Amino acid sequence: MMIRLTMYGNIEYSRALARTAAFSALIAVGGWIAITIPFLPLVPFTLQTLFIFLSAVVMKRYAVLPAGLYLLLGICNLPVFHNGTAGIGVLLGPTGGYILGFVPAALVAGLLVEQKFTYFGLACAMAIIYLFGSSWLSFSTGMPFAAALAIGVLPFIPGDILKAAAALAIGKRIA
């Protein structure tokens with residue numbers, strides 16, 4: 001007797017699975033597209049947040065799946081983090097909080113986008129990533145929290161606003 005998977009004939013499940021794989025890969029590729037500013041060596045500018053925002057716009061509450069898969073792949077030593085790094089050591093480094101913040105940010109943004117609070121959802125996602133990232137940056141380096149905000153948040157706000165706008169524009173076309 002053969003047991004059929006629930007995916008058979010379920011187009012929504014199949015679509016969610018394909019989108020989870022695609023967005024996880026895009027988040028990983030976004031880590032390779034990076035700019036490191038010499039006077040801000042701790043936190044690079046990457047396109048990962050663009051794909052977190054885009055997954056929230058397209059996948060709604062299920063945006064947590066690609067973010068979680070991305071994190072799990074990195075923990076399992078697949079080179080998906082910034083510049084092909086991997087493992088728990090990256091999460092314990094100065095930028096680990098930003099990476100960990102992707103999962104709750106995607107969940108909150110997806111839930112708010114689903115409730116038609118799209119702009120607020122993406123703003124909350126930014127705030128969550130900044131909170132996790134700057135808190136861990138402060139803790140892991142021993143710098144004051146205000147300094148962690150100055151180094152790990154303020155330079156990124158304009159770029160993340162542009163990424164959120166791009167995610168909205170692209171997401172409306174593919175959702």
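Predicted model: local features only at pLDDT ≥ 70, side-chain atom pairs only at ≥ 80, totals over all residues.

Student: Are α3 and α5 roughly parallel or roughly antiparallel to each other?
Tutor: Their angle is about 165 degrees. Angles over 145 degrees count as roughly antiparallel. The pair α3 and α5 is therefore roughly antiparallel.

Student: Is the crossing of α3 and α5 left-handed or right-handed, and which residues make the contact?
Tutor: The α3–α5 crossing is left-handed. From α5, the contact uses I99, L100, F102, V103, A106 and L107. From α3, the residues are V64, A67, G68, Y70 and L71.

Student: At what angle do the axes of α1 and α3 cross?
Tutor: Two packed helices are described by an angle and a distance between their axes. Here the axes of α1 and α3 come within 8 Å. That pair is oblique. The crossing angle is roughly 55 degrees.

Student: What is the handedness of the α1 and α3 crossing, and which residues of α1 meet α3?
Tutor: The α1–α3 crossing is right-handed. On the α3 side, the residues are L65, P66, A67, L69 and Y70. They meet T20, F23, S24, I27 and A28 in α1.

Student: Is T20 buried or exposed?
Tutor: T20 lies in helix α1 (residues 11-32). Its relative accessibility is 10%. Buried means under 20%, so T20 counts as buried.

Student: Which residues is T20 in contact with, leaving aside neighbours within four places in sequence?
Tutor: T20 is among the α1 residues that meet α3. L65, P66 and L69 of α3 take part in that meeting. With sequence neighbours within four places set aside, the contacts of T20 are M59, L65, P66 and L69.

Student: In what pattern do helices and strands follow along the protein chain?
Tutor: The chain has eight helices and two strands. Read along the sequence, the pattern is α-β-β-α-α-α-α-α-α-α.

Student: What is the radius of gyration of the protein chain?
Tutor: The C-alpha atoms fill a box of roughly 60 × 35 × 25 Å along the principal axes. For 175 residues, a compact globule would have a radius of gyration near 16 Å. The chain agrees with that, at 17 Å.

Note on methods: Residues numbered from 1 in each chain as written. Heavy atoms only, no water. Helix = DSSP H or I, 4+ residues; strand = E, 2+ residues; numbered from the N terminus. Rg over C-alpha atoms; globule rule 2.2 N^0.38 Å. Axes fitted to C-alpha atoms, helices over the stretch in contact; angles between N-to-C directions. Parallel < 35°, antiparallel > 145°, perpendicular 65-115°, else oblique. Left-handed = near helix turned anticlockwise from the far one by under 90°. Contact = heavy atoms within 4.5 Å. Buried < 20%, exposed > 50% of the residue type's maximum accessible area, 1.4 Å probe, protein only.
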